[in-house]
Amino acid sequence: MGPRWALPLAEGLLLVALISGDPVRISRRSAALRGVSIALVSVMACGAIWSTIRLIDDLIHGGSETNSATTLLLVGGSVWASTVITFSLLYFELDSGGPAARAHHMPATPALAFPQHLSPELNASHWRPRYIDYLYLGFTNSTAFSPTDVMPLTPWAKSVMTLQSIVSLVILGLVIARAVNVLA
């Protein structure tokens, strides 16, 4: 998908633009900054999915890293971890208008319902999800292949969680199967 340096360069430029636009905290609500954030996460998502496709191709056609169980598990683990991080950033950016919008006002109906939203006894009116909450969502969705305690309420959230589950299932299933085959 182009030279190896193109994706990291695009991510770096978008990150520099994002940091220079709001250098201290994610608190400014700006359409331009939101667009840059979404573009950065979209580029990262494309990179994670492309890495998954490349890994699958190497598994099918016998790439050099697929002949050693240790190397395969390291490569597969790094691809899987990058998808967890990428999807957690995607949830973080898209849920409830993004982090700046959540800091100013939490909508009555978020795209992702955390337990604090669903249980009035947890005093959810003042609670706001942070990045760690979305990282946890990305991790549990990648290991359980389904929602655990965070429920997707909107079509985009359901679609993205489904895509993440499929990507994770393919990575884990194929990498583990090939690693066991190489060890046997």
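How many helices and strands does the secondary structure of the protein chain come to? The tally is seven helices and two strands, where helices (H or I, at least four residues) and strands (E, at least two) are DSSP runs, numbered from the N terminus. Starting at the N terminus, the order reads α-α-α-α-β-α-α-β-α. The C-alpha trace of the protein chain spans about 55 × 40 × 25 Å along its principal axes.

A word on the model. It's a predicted one: local features need pLDDT of at least 70, side-chain atom pairs count only at pLDDT 80 or more, and totals for chains, interfaces and linings use all residues. Residues are numbered from 1 along each chain as its sequence is written, and side-chain values use heavy atoms, with hydrogens and water left out.

Now for the helix packing. Axes here are lines fitted to C-alpha atoms, for helices over the stretch in contact, and angles run from 0 to 180 degrees between N-to-C directions. Angles under 35 degrees count as roughly parallel, over 145 as roughly antiparallel, 65 to 115 as roughly perpendicular and the rest as oblique.

| Helix pair | Angle | Axes |
|---|---|---|
| α2 and α7 | about 30° | 11 Å apart |
| α3 and α7 | about 175° | 9 Å apart |
| α3 and α6 | roughly 130° | within 8 Å |

Take α3 (69-94) with α7 (residues 155-183). At about 175°, α3 is roughly antiparallel to α7. The residues of this contact divide into 21 nonpolar, four polar and one charged. For these classes, Ala, Val, Leu, Ile, Met, Phe, Trp, Tyr, Cys and Pro count as nonpolar, Asp, Glu, Lys and Arg as charged, and the others, Gly among them, as polar.

α2 (31-61) also packs on α7, and at about 30° the two are roughly parallel to each other. Their crossing is left-handed (the near helix is turned anticlockwise from the far one by less than a right angle; clockwise would be right-handed). Contact (heavy atoms within 4.5 Å) involves Ile 49, Thr 52, Leu 55, Ile 56 and Leu 59 of α2, and residues of α7 including Leu 163, Val 167 and Arg 178. By class, that contact has 10 nonpolar, one polar and one charged.

Helix α6 (residues 131-144) meets α3, and the pair is oblique with a right-handed crossing. Among the α3 residues involved are Trp 80, Tyr 91 and Phe 92, which meet α6 residues including Tyr 131, Tyr 134 and Phe 139. The α3 contact with α6 has 11 nonpolar, five polar and no charged residues.

Of its 23 lining residues, Arg 4, Gly 47, Trp 50, Ser 51 and Arg 54 are the closest to its centre; lining means an atom within 4 Å of a point. α2 gives the most to the lining, with eight residues.

How values were computed. 1 Å grid on protein atoms, 1.4 Å probe; cavity = no way out; pocket = protein on both sides within 12 Å on 5 of 7 lines; lining within 4 Å.
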